Amino acid sequence: MTATIRLTAAQAMVRYIAAQKNQDGDPFLAGCWAIFGHGNVAGLGEALHAVKDSFPTWRGHNEQTMAHAAIAYAKQSGRKRAMAVTSSIGPGAANMVTAAALAHVNRLPVLLIPGDVFATRGPDPVLQQIEDFQDGTATVNDAFRPLTRYFDRITRPEQLLTALPRAFRVLTDPADCGPVCLSFCQDVQAEAFEYPESFFVPRVWRPRRIRPDEAELAEVAEIIRAARRPVIVAGGGVHYAGATGALHAFAEAHNIPVTETQAGKSALPWDHALNLGPVGVTGGAAANTVCAEADVVLGVGTRFQDFTTGSWGLFAHPGRRLISLNVAAYDAMKHGAAPLLADALVGLTELSAALDGYTAPGKTDGLKSDWFGKVDPLTAAPEDSNQLPTDMQVIGAVQRAANEDTVVICAAGTMPGELHKLWKAGRPGSYHMEYGFSCMGYEIAGAMGIKMADPARDVICFTGDGTYMMANSEMATAAMMGIAFTVVVTDNRGYGCINRLQMGCGGAEFNNLLDHTIHETPSAIDFAKHAEAMGATAVKVGSIAELEAALARRHDARGPYVVVIDTDPYPSTEHGGAWWDVGVPEVSERPAVRDARARYTENKQKQRAD
């Protein structure tokens with residue numbers, strides 16, 4: 001007879017998820033973020049309390065941002081570890097929907113456990129329950145269905161026996177990796193069942209290293225051997241596969257220049273001769289010049305987002321061939337690419353062997369030095385300290401204060417584009433950019449998640465005043481938990497990035513900068529005092545010199561350290577970059593819009609469908 005143990009469904013879930021291991025023998029889930037409410041406090045809350053000494057539970061201040069912290073933890077861990085996040089039903093669950101979308105876009109694991117309504121429907125409708133007039137099975141949590149890689153609603157305790165292994169299969173699978181939602185009916189959480197004891201035996205989940213198909217490998221090798229000007233586009237998959245060393249060896253063996261996406265940045269050290277730097281809309285002239293002339297583009301672990309491809313107008317060579325080395329078939333087949341379905345490390349290693357003796361004849365002499373010659377002056381300390389500093393000058397100050405252990409993090413606004421172009425990333429994992437969903441509000445929570453994943457790293461978070469206002473509550477969580485990281489708040493008094501985009505599309509400055517919005521009382525937010533009120537050490541500085549002095553003191557703070565500096569909302573790095581497809585009105589009374597539409601139409605002709 002099979003030995004069983006009688007547990008509530010919530011107790012069984014917690015016991016199972018705490019027993020799952022990664023390939024290094026560490027718990028795959030480091031713990032659980034929780035904001036309790038009706039729908040999870042009685043069932044999951046009691047179950048988590050029972051194991052609090054071995055499986056930690058952390059309390060956040062917002063369901064979305066505590067999920068962001070969990071996602072950043074997984075990203076910084078290279079998807080080797082992850083976290084669970086639980087919420088109440090209704091608004092608590094709905095608050096996590098944005099985070100689910102962010103994790104889905106970025107292919108990052110997070111286990112979301114929102115509470116749900118009563119499976120029995122006895123007390124329907126309960127507080128915070130959405131009633132669908134046409135579908136009696138629908139709840140708020142159905143919003144997670146298109147935003148997760150696996151969704152299940154637990155309406156009976158024994159369903160965990162199949163749902164939980166399926167969930168961990170997705171969380172640990174390199175090809176299917178992404179968020180999982182286990183919508184947990186609140187009455188079921190408290191119901192007991194005789195679970196097999198064998199269900200809770202610790203299990204090791206090892207990510208597959210998919211080897212390339214021989215025919216695909218031969219075809220791709222043949223395409224590259226015929227290339228005169230090949231280029232590599234390195235994406236986030238290089239990091240997740242632990243393939244930075246393989247990329248280094250591959251590029252050197254075959255003399256192929258490397259460009260980096262936002263997710264791929266730091267795959268090679270910035271000063272490696274073959275690393276031509278950032279590619280695409282936020283890219284540099286060196287990388288984009290080579291990509292525009294390339295006859296073969298080898299994407300490694302990239303999903304070819306429009307910011308990478310210049311909305312598919314960047315790779316302009318008329319005979320260009322696209323190759324996609326990717327662990328996910330969906331990404332490997334994009335835009336008519338010759339697919340090489342494989343893990344990045346194994347794929348690069350075997351492709352290099354198939355290319356034995358091949359060296360690309362293309363030269364890139366002078367491109368890189370010319371690029372840095374143009375942009376390095378932008379990050380230098382200003383001679384006139386009376387002018388508002390630029391974002392580029394702020395980046396320069398932080399770069400000078402950084403060390404080999406520094407990780408910079410950002411997600412939205414002006415800084416992602418400037419950092420992609422200007423930040424000089426050294427070792428792998430030193431550049432953490434959430435630019436798949438570009439979600440304002442990720443930054444502060446993300447910085448906390450990075451520090452939890454890698455406590456030895458010096459974490460510096462860039463955020464604008466607009467993003468700070470959207471989501472700052474986890475600053476209080478970090479202060480409470482004594483998690484130390486630095487936040488540089490660049491206050492340009494509004495949404496400076498979108499204001500420039502608005503102007504670039506011929507639009508008038510409207511509703512982005514605070515000076516161009518309706519207000520009865522002018523905004524005068526003291527971000528330093530606000531951060532202090534949440535428990536951070538904070539200072540407002542008035543110049544780049546003061547910023548550098550403040551950054552030198554960051555290691556003295558026990559928890560979050562915030563430096564606020566006013567910046568000019570208008571300047572940006574004009575060098576480099578590529579076209580981005582943003583629809584401009586065909587009809588307008590304003591000449592500036594008509595001119596912008598003419599430029600748009602001209603650029604649209606360069607966009608490729610293949």
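**Note on a helix crossing and some salt bridges**

1. In this predicted model, the axes of helix H3 (residues 63–76) and helix H18 (residues 443–453) come within 7 Å and cross at roughly 45°. The angle falls between 35 and 65 degrees, and H3 and H18 are therefore oblique to each other. The crossing of H3 past H18 is right-handed.

2. Which residues of H3 and H18 meet? From H3 they are Thr65, His68, Ala69, Ala72, Tyr73 and Gln76, and from H18 they are Ala445, Gly446, Met448, Gly449, Ile450, Met452 and Ala453. Sorted by class, this contact has 8 nonpolar, 5 polar and no charged residues.

3. The whole structure holds 23 salt bridges. One of them joins the side chains of Asp376 and Lys424, with N to O at 3.2 Å. The pair links distant parts of the chain, 48 residues apart: Asp376 is in helix H15 (residues 367–379), and Lys424 is in the loop between helix H17 (415–422) and strand S18 (431–433). Asp376 is partly exposed, at a relative accessible area of 32%, and Lys424 is partly exposed at 23%.

4. Asp405 and Arg427 form a salt bridge, their closest N and O atoms lying 2.8 Å apart. Asp405 sits in the loop between helix H16 (391–401) and strand S17 (406–410) and Arg427 in the loop between H17 and S18, so the pair ties together parts 22 residues apart in sequence.

5. Lys540 pairs with Asp566 in a salt bridge, at 3.5 Å between the closest N and O atoms. Lys540 belongs to strand S21 (residues 537–541) and Asp566 to strand S22 (residues 561–566), so parts 26 residues apart in sequence are tied together.

Definitions and conventions. Residues numbered from 1 in each chain as written. Predicted model: local features only at pLDDT ≥ 70, side-chain atom pairs only at ≥ 80, totals over all residues. Heavy atoms only, no water. Axes fitted to C-alpha atoms, helices over the stretch in contact; angles between N-to-C directions. Helix = DSSP H or I, 4+ residues; strand = E, 2+ residues; numbered from the N terminus. Parallel < 35°, antiparallel > 145°, perpendicular 65-115°, else oblique. Left-handed = near helix turned anticlockwise from the far one by under 90°. Contact = heavy atoms within 4.5 Å. Nonpolar A, V, L, I, M, F, W, Y, C, P; charged D, E, K, R; others polar. Salt bridge = Lys/Arg side-chain N within 4 Å of Asp/Glu carboxyl O. Buried < 20%, exposed > 50% of the residue type's maximum accessible area, 1.4 Å probe, protein only.
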